[in-house]
Amino acid sequence: MKNRKYLAATAVFMLAAGTTMVMSGTASANEAPDVDDVRQQLQGSVDSEIIEAMQTDLGLSADEAYQRLAVDEVTAQIEDIATDRYGADFAGTWVAHGDMPTVAVTDSALADDVEALGAEAVIVDRSLNSLQADMAKLDDTSDVPSDIYAWSIDVTTNTITVDAASVDAAEAFAEDAGVSAIDVNTDAQKPETMADIIGGDAYYINGSGRCSIGFPVTHSGGSGFITAGHCGSPGDSVTGSNQQALGQFEASTFPGSDYAWVSANSSWTSVPYVMGYNQADVAVSDANEAATGASVCRSGSTTGMYCGTVGAKDQTVSYPQGTVYGMTQTDVCAEPGDSGGSWISGNSAQGVTSGGSGNCTSGGVTYFFPIDEILTAYPQLTLTTV
């Protein structure tokens, strides 16, 4: 029995124009590589972490993971062939159930040729060109309503799918664009931009004051970061350097100590790096304390990255707002807005910027609050490391 399916039309209309391409002959099955041959070539050549991730996330055995990768590679090559060969009758390519290349065409006379390529043939009503034409109409919409989340061509169903808050909203959006046939997905949630939480980057408190991220962390509820306590109080709202909502202060201590932590919303992800600004970003591997005299670098949103040496430890500092105990002195400069930023020695996190004297023009002295005491104070937090 031939690998052939006829997909019921879900569109309200079909593109009237279109030319049927007549093939002069059937293709040889070896025009696309054999899946078994590709699998043998991939065996042992794929990074083991990829195979392990596929086993964990897709529930596959190692052999099944290699099979899936082989089918994926063959399908990509079949897609290139089918796109060129079938022209206006081509309607898309995909992997069915993870184990079978599938090619959709609008002309049933092409089914044998598709099967000769090593793919399952699916006969549909609308060509990819037709679907793309409707996509272009939706893309040209200048004012997208807030209850419309996304839209895309779904070659597996031969339709355009619109993610929206309601069917009525999606249909109105399509009608305004001049598109008559869509599928609607109301299970989707409104998407938000994703951003990285990285040490030394700027953040804003209650929409005004600016400080710098110390070190990204994770907790049972997601991501976040540690910073200086004098930057904010519990409940204060935080926006990121991109001016998007980031989260809020969960806890803060100042004076006496100078540390705080901020929880992030789901649009933000903690990454194990400190911003190098004009240099490469620095990976964070651990929080091993550096010795007095060791080199240390500071990253902050006002002045960027500056380096120097670790001075006296366990130092008491008297600020106008009160006294802070247990800090580390350095000969590195800093300026307002650098507060809360990262201190790192090699790849080891050291602490967060508290305060100091001088500036980065004439030089100065800056103090940081040690990270080990911060993580001890907040046992629910885990430093994000490589």
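**How many of the 7 residues of strand S2 (residues 90-96) are buried?** The count is 6, so strand S2 is mostly covered. Buried means under 20% relative accessible area, exposed means over 50%, and partly exposed lies in between (1.4 Å probe, protein chains only). The model is predicted: local features need pLDDT of at least 70, side-chain atom pairs count only at pLDDT 80 or more, and totals for chains, interfaces and linings use all residues. Residues are numbered from 1 along each chain as its sequence is written, and side-chain values use heavy atoms, with hydrogens and water left out.

**View 1. Strand S2 pairs with strand S3 (residues 100-105).** The two strands run antiparallel. They are joined by 6 bridges. Pairing requires at least two bridges found by DSSP. Strands are DSSP runs (E, at least two residues), and helices are runs of H or I with at least four; both are numbered from the N terminus.

**View 2. The largest nonpolar core holds 35 residues.** A nonpolar core is a set of buried Ala, Val, Leu, Ile, Met, Phe, Trp, Tyr and Cys residues joined through side-chain atoms within 4.5 Å. Ile 78, Tyr 86, Val 103, Val 105 and Val 114 touch the most other members. Several elements supply at least two residues each, including helix H1 (35-42), helix H2 (48-58), S2, S3 and strand S4 (120-123). Which element gives the largest share of this core? H3 does, with 9 residues. In soluble globular proteins, nonpolar side chains tend to be buried together.

**View 3. Another core, of 25 residues, lies apart from the largest one.** Its members include Val 217, Val 284, Tyr 367 and Ile 371.

**View 4. A disulfide joins Cys 211 to Cys 231.** A disulfide is a pair of cysteine sulfur atoms within 2.5 Å. Here the S to S distance is 2.1 Å. The torsion about the S-S bond is about -95 degrees, so this disulfide is left-handed. Cys 211 sits in strand S10 (residues 209-212). Cys 231 sits in the loop between strand S12 (222-227) and strand S13 (237-240). The two cysteines are 20 residues apart. Cys 211 is buried, at 7% relative accessible area, and Cys 231 is buried too, at 9%.

**View 5. A disulfide joins Cys 297 to Cys 307.** The S to S distance is 1.9 Å. Is the link left-handed or right-handed? The torsion is about 105 degrees, so the link is right-handed. Cys 297 lies in strand S18 (residues 295-300), and Cys 307 lies in strand S19 (residues 304-309). Cys 307 is partly exposed, with a relative accessible area of 47%.

**View 6. Cys 333 and Cys 360 form a disulfide.** Their sulfur atoms are 2.0 Å apart. With 95 degrees about the S-S bond, this link is right-handed. The pair spans 27 residues, with Cys 333 in the loop between strand S21 (322-330) and strand S22 (342-345). Cys 360 is in the loop between strand S23 (348-359) and strand S24 (363-370). Cys 333 is buried at 7%, and Cys 360 is buried at 17%. A search of the whole structure finds 3 disulfides. In sequence order, the bonded cysteines pair 1-2, 3-4, 5-6.
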